[in-house]
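Please look through the sequence and the structure shown below before reading on. The report that follows takes up a few places in turn and describes what can be read from each.

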Amino acid sequence: MKEVGLVDYGMGNLRSVRNALELLGARVLLLEDPAGLSKVDRVVLPGVGAFAVAMTNLRNVGWDDALSEYVLHMRRPFLGLCLGLQLLADRGTEHGEHRGLGFIAGATLRLERPDDVPLPHIGWNEVRPVRTDGILSGVKSGTCFYFVHSYALVPEDLSVVAGVTEYGGHDFVSVIERDNIVATQFHPEKSQTHGLDLLRRFLAM
Amino acid sequence: MLRTRLIPVLLLQNGLLVRSQSFRIHQAIGNPIHEARRFNEWNVDELIYLDISRDDSYDLRRDDHKVKNLTGPMEILEEVSRTCFMPLTWGGGIRTVAAMRECFLSGADKISINTAAYRTPQLIRDGAKIFGRQAMVICVDVCRREDGRPEVVIEGGRELTGADPVDWVQEAVLQGAGEILLQSLDRDGTAQGYDVDLIRSVSDVSAVPIIALGGVGRYEHFFDGWKAGANAVAAANIFHFKELSDRNAKRAMSKAGIPVRL
């Protein structure tokens, strides 16, 4: 059985992520501190909320160093969801300039958009896979996933981009993949069948 | 392109699913826990559950069902969220930030408030600050007076406020509403279609998405609501009384040129 650690750092409701992973047959451990990382074979960083608060919460219990070790050195499968994707950047610009986890070179910036589309970007929108060999294998262009966000990660190295989504006339990065690191700007746990399929592929990594 | 959402609204009264007409007649139509999985498998984009239980409400349930709060609302929410892999909104009787938190902990992604928000608009601001604007759905019930003027009603339609829905929606958005669930009391349960003039006037001024509710009896009514400016179209009864209504509604909407997720 797959043992998944779900990082519980006070940023949003973890119940739906947990429900989805359990439905797919995984055993889910809620991790309030990094000590539990030794008991799991992969980790999910979920999150809804503000960048700076999230980073403070992570640092307060040593998650930043522990995740670096687990993800960058031990190279265990990692899945970031929504804010959990944005935090991978070197820096974020929500309410001032803040340092991120720095796993992916780049910055988390407010979505570019013309004035006539609302922010946050909320609802079902299309993902266009750029790569079809990894986490998005089998996903047809135009498949919809559920988004709720105002910021997105702009990576320096475009080879980490696995999928993009258009909003207000601009594309933003909606899926990131580099080796054992996968992250989605949308919520697979709220995206019905296609979302569950993506989580299933993560569990198979 | 962002899709137009199709949203079933499920009404709960004292632990049972009910259908409603003009906010007054309520008929029991099922057990929400037994039905949860079926609803969650529908090809729809979100689910909204509204608990309309009231101590003094009369309903047409069979006597053997007449057990007050057979199942607590939070137990129902927890059960529903266990198999709900799409956004889930919960509303009914929420009057405090603590009650909102309980809903989120029980599995809701958004909460819907109505009377309490109207009486204490600060509640919207307080909730948005903690849970985010995207989680705050403000339900606005509207009836038309004899002269045709729309008026906001609260307390499940029992109390007139004298307020114009356009004014109240603007105020609610200013306070931190993330979405407006705009419901016509006159059309509720009539199957005669949305109050499109109401939808048009409110969506013209609202900076946040409008979810239209009340009156859908045929799939074409979804088109009318979308045409009038609704960002999401909701309905209750049609999902219970028409076979395969989820898929057929989506198909009809797509055929009519509405961008939907198929």
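## A glycine inside a helix

Gly195(A) has its place in helix α5 of chain A, which covers residues 192-203. The model discussed here is a predicted one. Is Gly195(A) buried or exposed? With a relative accessible area of 0%, Gly195(A) is buried, because a residue counts as buried when that value is under 20%.

When residues up to four places away in sequence are not counted, Gly195(A) touches Phe145(A) and Pro188(A). Ala20(A) is 175 residues from Gly195(A) in sequence, and yet in space the two are 9.2 Å apart, taken from C-alpha to C-alpha.

## The sheet of chain A

In chain A, nine strands form an open sheet with mixed pairing, and their order is β2-β1-β3-β4-β13-β12-β11-β8-β9. The edges are taken by β2 (27-31) and β9 (143-149) of chain A, each of which has a single partner strand, so one side of each is left without a neighbour in the sheet. From one strand to the next, the twist averages 30°.

Within this sheet, strand β12 (residues 170-178) of chain A and strand β13 (residues 181-184) of chain A run antiparallel and are joined by four bridges. Ile176(A) stands opposite Ala183(A), which belongs to β13(A). Helix α3 of chain A, made of residues 63-73, packs on the sheet, where it touches β1 (3-7), β2, β3 (42-45), β4 (78-81), β12 and β13 of chain A, and its direction makes about 135° with that of β3(A).

## Two packed helices in chain B

Two packed helices are described by the angle between their axes and the distance between the axes. In chain B, helix α5 (residues 122-131) and helix α6 (residues 165-175) pack at an angle of about 35°, and their axes are 8 Å apart. The crossing of α5(B) and α6(B) is right-handed.

Which residues make the contact? From α5(B) come Gln122(B), Ile124(B) and Arg125(B), while α6(B) brings Trp168(B), Ala172(B), Leu174(B) and Gln175(B). Sorted by class, the contact of α5(B) with α6(B) has four nonpolar residues, two polar residues and one charged residue.

## Confidence in chain B

Chain B has a mean pLDDT of 90, and 94% of its residues reach 70 or more. Over residues 56-69 of chain B, however, the pLDDT is below 50, although this stretch has 21 contacts in the model beyond near neighbours in sequence. Where pLDDT is low, the predicted coordinates should not be read in detail.

Conventions: Residues are numbered from 1 along each chain as its sequence is written. Chains are lettered from A and ligands numbered from 1 in the order in which they are written. This is a predicted model: local features need pLDDT of at least 70, side-chain atom pairs count only at pLDDT 80 or more; totals for chains, interfaces and linings use all residues. Side-chain values use heavy atoms; hydrogens and water are left out. Two strands pair if DSSP finds at least two bridges between them. Axes are lines fitted to C-alpha atoms, for helices over the stretch in contact, and angles run from 0 to 180 degrees between N-to-C directions. Contact means heavy atoms within 4.5 Å. A crossing is left-handed if the near helix is turned anticlockwise from the far one by less than a right angle, and right-handed if clockwise. Ala, Val, Leu, Ile, Met, Phe, Trp, Tyr, Cys and Pro count as nonpolar, Asp, Glu, Lys and Arg as charged, and the others, Gly among them, as polar. pLDDT is the predictor's confidence in each residue, from 0 to 100. Buried means under 20% relative accessible area, exposed over 50%, partly exposed in between (1.4 Å probe, protein chains only).
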